[in-house]
Amino acid sequence: MKKIIIIFLFISVNLMAIHKNNTAFSSIQTSTIQQVDTLKVDSLKVNNIVKAAAKKEVKAEVNNTKDKIVKNLTPPPIWEFFSAGKIIWAIIFIIIGYLLIKFTVKLLERYAEKFTNQRITIKGIIPVVKIFGWIFIIVLIIVGIFQPPAATLIAVSASLGIAVGFASQDIIKNIFGGIIILLDRPFTVGDKIEVGSHYGEVVEIGLRSIRIVTADDSLVSIPNGELMNQSVSNSNTGEANCQVVAEIYLPITVDTKRVRQLANESAQISKYIYLNKPIYVLFFNEVKEGRSYLKMRLKAYVVDIRYEFAFKSDMTEIVIKQLLEQNIIDPKDLR
């Protein structure tokens, strides 16, 4: 019996010890969990604070960048770029550029007049020299002297573009027409062209208009905008020679074989003839004032387009003189 009681007491003591240990362990575990939860909460708070601070910094940086861009794009007052010194230098550059362009053009014209074969080619360079010369001078003055920022250039260009677009549409059309003529090259300086009722030699191609000298030595200016909507006939297309046609009315009974031979020989003895190209003699039947005639068209090439009308007159005079001298036609037939 004593043994049983001792065993019971031993078991009870152990059970009480185990219970105390479990209670202590539970309290320690609970405390540890609470600490871990506290650490998690603190970590989340720190992350939120860091994110908020980062957002504020990014927003501030974006605002600063935006302010800088707006400040850079806002053009300063245009009068800040003008001063007495800059204006004087700009005038000096304009005068020097004008003199250089004028000297270059005069030199090219003088050189072109000395050589017939190269005259048209050299004179075709003159409009390009003028246009690109002035463009270079303007860019040099703007970039080298006044040195405006990009924002000012954009603002001024936009304002000028709107103003010029409304105020001078015809001028802009003529300028674009001049540029297209220089690029497309339907004719060059020195060519003989026919536009509408005007026929003559092109002496100048400008941004606004072209100038031609007619047969009666009249200077005619034709706006480039009008040229874009008209047919242009080019007699020589960049060459010094061109075809000349002389027309002579003959009686219907004339011997065409003899006339063709005589006309061919008459053209060949002219001092203006260009013999590297063929001579043509054609006959056409026409009725004038109730009578039938043979219209002879004598086609030959002149050595220089500037002698076109002199050559035409020369061929007509020589042919008629030979026809009369050889009794191929009667003087009464020419009445």
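What follows is a set of questions and answers on this predicted model.

Student: How many helices and how many strands does the protein chain have, and what percentage of its residues count as buried?

Tutor: The chain of this predicted model contains 8 helices and 8 strands. Its accessible surface comes to about 22,900 Å², with 63% of that belonging to carbon and sulfur atoms. Of the 335 residues, the share that counts as buried is 27%.

Student: Which spans does UniProt list as "transmembrane region", and how far apart are the end C-alpha atoms of residues 125–146?

Tutor: The unreviewed UniProt entry lists residues 87–105, 125–146 and 152–172 under that name. In the model, residues 87–105 are 100% helix and 0% strand, with end C-alpha atoms 27 Å apart. Residues 125–146 are likewise 100% helix and 0% strand, and the distance between their end C-alpha atoms is 31 Å.

Student: Leaving aside its neighbours within four places in sequence, which residues is methionine 296 in contact with?

Tutor: With sequence neighbours within four places left aside, its contacts are Ala246, Glu247, Ile248, Leu250, Val259, Ala263, Val281, Leu282, Phe283 and Val319.

Student: Is serine 209 buried or exposed, and which side chain does its own side chain join in a polar contact?

Tutor: Serine 209 lies in strand 3, which covers residues 209–214. Because its relative accessible area is 4%, serine 209 is buried. Apart from neighbours within four places in sequence, serine 209 is in contact with Glu204, Ser221, Ile222, Pro223 and Asn224. The polar contact of its side chain, at 3.4 Å, is with arginine 208.

Student: In which sense do strand 3 and strand 4 pair, and what is the bridge partner of isoleucine 210?

Tutor: Strand 3 and strand 4 pair in the antiparallel sense, over 5 bridges. In strand 4, the bridge partner of isoleucine 210 is isoleucine 222.

Student: Where does aspartate 217 lie, and is it buried or exposed?

Tutor: Aspartate 217 lies in the loop between strand 3 and strand 4, a hairpin with 4 residues between the strands. Its phi is positive, at about 65°, although aspartate 217 is not a glycine. Because its relative accessibility is 64%, aspartate 217 counts as exposed.

Student: What is the phi of threonine 237, and what is its relative accessible area?

Tutor: Threonine 237 is found in the loop between strand 5 (232–234) and strand 6. Its phi is near 50°, a positive value in a residue other than glycine. Threonine 237 is exposed, since its relative accessible area is 56%.

Student: Which residue in strand 5 stands opposite glutamate 194?

Tutor: Strand 1 (residues 192–195) is joined to strand 2 (residues 198–205) by 4 bridges, and the two run antiparallel. These strands form a hairpin with 2 residues between them, where glycine 196 in the turn has a positive phi of about 65°. Strand 1 also pairs with strand 5 in the antiparallel sense, over 3 bridges. The residue in strand 5 opposite glutamate 194 is serine 233.

Student: How far apart in space are isoleucine 329 and valine 254, C-alpha to C-alpha?

Tutor: Isoleucine 329 is found in the segment after helix 8, and isoleucine 329 counts as buried because its relative accessibility is 4%. In sequence, isoleucine 329 and valine 254 are 75 residues apart. In space, their C-alpha to C-alpha distance is 7.0 Å.

Key
Residues numbered from 1 in each chain as written. Predicted model: local features only at pLDDT ≥ 70, side-chain atom pairs only at ≥ 80, totals over all residues. Heavy atoms only, no water. Buried < 20%, exposed > 50% of the residue type's maximum accessible area, 1.4 Å probe, protein only. Areas by Shrake-Rupley, 256 points an atom, 1.4 Å probe, with all protein chains shown as cover. Contact = heavy atoms within 4.5 Å. UniProt positions renumbered as here; feature names shortened; annotations may be inferred. Polar contact = N/O pair within 3.5 Å; in protein donor to acceptor, adjacent residues only side chain to side chain. Pairing = 2+ DSSP bridges.
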